[in-house]
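Please work through each task before consulting its solution.

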Amino acid sequence: MARRPAPPPKLPTEADVLEFIQSSPNIVGKREISRHFDIKGGDKIGLKALLKRMEEKGLLAKRARKLIDRSSLPPVTVLEVIGTDRDGEAYAEPVEWDERQAGKPPHVVIEGAEKAPRKGDRVLAKIQPSRDGRYKYRGRVIKTLSDRSNKVLGVFRVIPGLGARIVPVDKKARNELQVKKGDENGAVNGELVEAEIVKERGHGLPSARVRERLGNMNDQRNISLIAIHHHGIPNEFPERVLREAESLKPFSREHRTDLRHVPLLTIDPRDARDHDDAVWAEIDEATGGANVIVAIADVAAYVRPGTALDREARIRGNSVYFPDRVVPMLPERISNDLCSLREKEERPALACFMSFDKSGRKTKHRFERVIMRSAAKLAYEEAQAAIDGRPNDKTEPLLERVLKPLWAAYAILLKGRNAREPLELDLPERRLVLDAHGLIERVVTPERLDAHKLVEEFMIQANVAAAEELENRKTPLLFRIHEQPSEEKVRALAEFLRTVNMSLPLGQVMRPKHFNKLLKEVEGKDYQHVVNEVVLRTQAQAIYNPDNKGHFGLSLRRYAHFTSPIRRYADLIVHRALITALGFGSDGLSADDIARLPETAEMISDAERRAMAAERETIDRLIATFLAGHTGATFRGRIGGVVSAGLFVKLDDNGADGFVPVTTLGREYFVYDKARHALIGERSGDTYQLGDRLEVKLVEATPVSGGMRFEVVSEGKEGKPANRRAIRTARKPFRGSKARRR
């Protein structure tokens, strides 16, 4: 009897093999596949043939003798962040991926990053299957490998005969970048783009590939977009955050005191869109002191720990204010509606009640969660005009019962401020007024009114009360700290002061009053401005910290930010801390908030510096655009900085900053005197010193970078020629141009 032929081996299908590899937590090889599908003996020949066919089709690849699904990622891989999704979560693609073999690369949602990754960042991540259905994988960050250093922001230019170029917006960038045919991504001449630098060997301009088109540079309203993209400032809220904001319910009235009968006022700039602080005061006739209430919008009632709103606010850190737009920390539903202390409307607030004796010393304080109704919304100028005898229809009924008590209380608090002697620098602030097209109409220096100072002092005292309350109750918080100047900077200041025949005794513990004494001595003198500038540069930068180190500039032992939770995340943390410490509800500090305080302090301090840089750069670009058509015109200005390479000059009329190369100063060597903050002619003694007034001619204005180049028209101050020893000790003397000075 003939033997029946053996049945064909029961091999898995290609889909079975791929499913097993993808679902396996371990590295998979032929042995693991054989065991899983119970393939033995001669059947392994069929399996080997199957795997070979899958390799040839591009479905599998070998790595270190192990098989992987070509459409899958290895357990640890390098990812590049390519954006954020509608819920605000960052997602990435693998850096190494063969699209021809495996199709489009999979998207990986990023988790576990200490700081929110930005578009273009590269990270080493542990890859695991995702369970939410939107992504195939999730990647937990092991290490951040690189930032956006290979990205460049610039203006796309088409140059006849040469091809496409990118002009970087960064002032420090020396070279344009060439864009090869096929790498334009549809960009057109004059468009603002983000590009990726392509590493190539050889000579000539470096190459770049356009990644994203951002808008036409001829539209001045896009100027602030340069800073937003250059600094990676989040300017669009994820859909999840907006949905969460829209779904918020009315605030709870539990644990709240009714203050609707108290005529609290909001006093803000004329163009303010949100109002997060209100004030009221009365004079205590018995003691001669004052009672003050500072009510702050209760943002914590709506932005709860762990929500999408909270996560987004923490990433942003603060609102960013540009001349033509605001990038808010919170959606408008909160900042301009639910938490804006609108006139005549009920709003939740956290109120600080303070009492001061007749010398302006705070004697007691308490905090309450309240319901309030703003009696009126006033502009600073409007409130000041009423006090100065020019009330209008709105302020007339408020003058005797609300405004005059506020000013009387401020006079008392001012005594306490003067007694503690905070640092008093005379540094006027300029503001740009734009027209309907986003162009500069004029540059103004707003008058510093008592109305401004009143609100500022009330806010400072409320901030102090919050820090004291939480420190006394041993509740974690974020302090606003400003450390005293370093010994090195104080020595440098003393060395400078000797050049203007002034002295600063070293070896003493520096207090703000010591700096104020110097500033008082130079009032009305030619070098008043330079001394103010050098004293400012001597100071440390204020930051956030969970450890209290005092506030040197305000001359305060403890200080926190409590008064603006709509636009600063630090204030929201302080509000939550007060809610927890005083038992005001269940929406206080979470365990996660407390555990992450050091990280949060670093994040929001970085965000603050980022915002300051972005705001400053945008103003520079707007002014450069404003002056681009005035090449050859002369201006009066003041030297705002001195380096060995030249002078930084700030113009009087518009606050524009530009640079004068040392090579244009004259026909001799100019030596950089670091101690004097000056450039001094070797033979003539002509001196250009920080703070000096001079006349300059505009040679070049570059709107893209915000840079301007000047030439000095007026003569330098007379001085002693720089001696040979000074030349030897100078780091790098420069020879001026042979052209005679104009």
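**Exercise 1.** Which residue with positive phi follows H11?

Solution. The residue that follows H11 is Lys474, and its phi is positive, near 55°. The model is a predicted one, in which local features need pLDDT of at least 70, side-chain atom pairs count only at pLDDT 80 or more, and totals for chains, interfaces and linings use all residues. Residues are numbered from 1 along each chain as its sequence is written, and side-chain values use heavy atoms, with hydrogens and water left out.

**Exercise 2.** Determine the span and the burial of helix H11.

Solution. Step one: helices (H or I, at least four residues) and strands (E, at least two) are DSSP runs, numbered from the N terminus. Step two: H11 covers residues 450-472, which is 23 residues. Step three: the expected span is 1.5 Å times one less than the number of residues. From its first C-alpha to its last, H11 reaches 33 Å, close to the 33 Å expected. Step four: buried means under 20% relative accessible area, exposed over 50%, and partly exposed in between (1.4 Å probe, protein chains only). In H11, 18 of the 23 residues are buried, and the helix is mostly covered.

**Exercise 3.** Classify the aromatic pair of Phe367 and Phe562, and then that of Phe648 and Phe659.

Solution. Step one: rings of Phe, Tyr and Trp (its six-membered ring) pair if their centres lie within 6.5 Å; planes under 30 degrees apart count as stacked, over 60 as edge-to-face and the rest as tilted. This rule gives five aromatic pairs. Step two: Phe367 and Phe562 lie 5.4 Å apart, centre to centre, with 80° between the planes, and the pair is edge-to-face. Because Phe367 belongs to strand S20 (residues 362-373) and Phe562 to the loop between strand S25 (543-545) and helix H15 (569-581), the pair ties together parts 195 residues apart in sequence. Both Phe367 and Phe562 are buried. Step three: the ring centres of Phe648 and Phe659 are 4.9 Å apart and their planes stand at 55°, so this pair is tilted. Phe648 is partly exposed, with a relative accessible area of 40%; Phe659 is also partly exposed, at 23%.

**Exercise 4.** How many disulfides does the count come to?

Solution. Step one: a disulfide is a pair of cysteine sulfur atoms within 2.5 Å. Step two: by this rule the count is zero disulfides. Step three: Cys339 counts as buried at 1% relative accessibility, and Cys352 is buried at 0%.
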